[in-house]
Amino acid sequence: MTSSRLAPGAGIVTVPGGRPAVRTAEGEFLHLDTGTADLAALTRHLVGGEAASDAEVARVAAAFEREGHAVRPDPEEGGALTGRTVLLLGDARLTGPLARYAAAEGARTRHATPEHVGRLADGEGADASTVVVWCLDEPAPPALWDAADRLPAHGTAWLRCHREGAHLWTEPLAAAPGDVTSAHVRLRRLAATSAHRQLAAYWAGHRTPDNGPHPGEAAAALVAALLTADLLAWAAPGPGSGLPARRRLRRVDLRDLTVTEHPVLPVPPVAPLPARGSGPA
């Protein structure tokens, strides 16, 4: 039978002249009362995988498990993204490190095309274990992501990022109907600025040629790590997995690598405005 192991982030601290303590993954220190169990044998069991030497060591190890400070590793278990497929599109400067990070967590990573995304958005081959990630080293032009915004309605997750000048935006992951889409983000950002006409014109391409800055190796690694964190939240078990990641817009300043987060909610559908002159006489 698999031995208990200390949970990731947890540890046992021996205090010279005092009682031992458990440092939790959250950084709290808890007094550890081992009773008659030998502390060295308990440590060998929880750290080295040695079988419990007696019933007392097994009893304390079981208490560690009940409190979430120890786990029983599954030798066949892979990374957090095992069984998931990550379809990548866009700029290799950003998708390259993301592919490596996702694969390290057990994901199958593949390159896709806009045509493939369109078929998924129509429900053809849709799969709840698949996520489409589209990264652009430029502003996202209007309508580019309209088809991909339909992915969550068919059960395929949808994550994206793009650069606007010195800022790179990572948008919320959408995994189910009612999640935040790229169209929602555009509407929210337009509503939040007094320069909405200028911003809309900028997105539409009415601007001077882009002159960067392009993400360097460190910036690309940071963005890939942030996107991987969103994928891990999406893949976490349980209902409503990754909801914070599905309501979070990030802005990465490529000049100093600072990250700011902004909560964003879906935009509810509204009835179209009546045509001028169509009201009651």
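How many disulfides does the structure hold? The structure holds zero disulfides, a disulfide being a pair of cysteine sulfur atoms within 2.5 Å. This is a predicted model, in which local features need pLDDT of at least 70 and side-chain atom pairs count only at pLDDT 80 or more, while totals for chains, interfaces and linings use all residues. Residues are numbered from 1 along each chain as its sequence is written, and side-chain values use heavy atoms, with hydrogens and water left out.

Cysteine 135 is buried, with a relative accessible area of 0%; buried means under 20% relative accessible area, exposed over 50%, and partly exposed in between, with a 1.4 Å probe and protein chains only. Cysteine 161 also counts as buried, at 0% relative accessibility.

Next comes a sheet. Three strands form an open sheet in the order β2-β3-β4, with antiparallel pairing. Strands (E, at least two residues) and helices (H or I, at least four) are DSSP runs, numbered from the N terminus, and two strands pair if DSSP finds at least two bridges between them. In general, strands of a sheet pair through backbone hydrogen bonds, either parallel or antiparallel. At the edges stand β2 (11–13) and β4 (29–31), each with a single partner strand, so one side of each has no neighbour in the sheet. From one strand to the next the twist averages 30 degrees. Strand β3 (residues 21–23) is joined to β2 by three bridges, and the two run antiparallel. Glycine 11 stands opposite arginine 23 in β3.

Among the helices, α5 (residues 182–191) and α6 (residues 196–203) pack at an angle of about 145 degrees, with their axes 9 Å apart. Axes are lines fitted to C-alpha atoms, for helices over the stretch in contact, and angles run from 0 to 180 degrees between N-to-C directions. On the α5 side, Arg186, Arg189 and Leu190 meet His196, Leu199, Ala200 and Trp203 of α6, where contact means heavy atoms within 4.5 Å.

Helix α7 (residues 217–235) has 19 residues and reaches 27 Å from its first C-alpha to its last, close to the 27 Å expected at 1.5 Å a residue; the expected span is 1.5 Å times one less than the number of residues. The buried residues of α7 include Val223, Leu227, Thr228 and Leu231. Threonine 228 is 126 residues from alanine 102 in sequence, yet 6.3 Å away in space, C-alpha to C-alpha. Alanine 102 lies in helix α3 (residues 92–104) and is buried, with a relative accessible area of 0%. Apart from its neighbours within four places in sequence, alanine 102 is in contact with Leu81, Val86, Ala107 and Thr109.

The loops hold some backbone details. Proline 213, in the loop between α6 and α7, is joined to glycine 212 by a cis peptide bond, with omega about 0 degrees. Alanine 143 has a positive phi of about 80 degrees although it is not a glycine. Alanine 143 sits in the loop between β8 (130–135) and β9 (157–164) and counts as exposed, at 51% relative accessibility. Leucine 257, likewise not a glycine, has a positive phi near 60 degrees. The loop between β11 (248–253) and β12 (258–263) holds leucine 257, which is partly exposed, with a relative accessible area of 34%.
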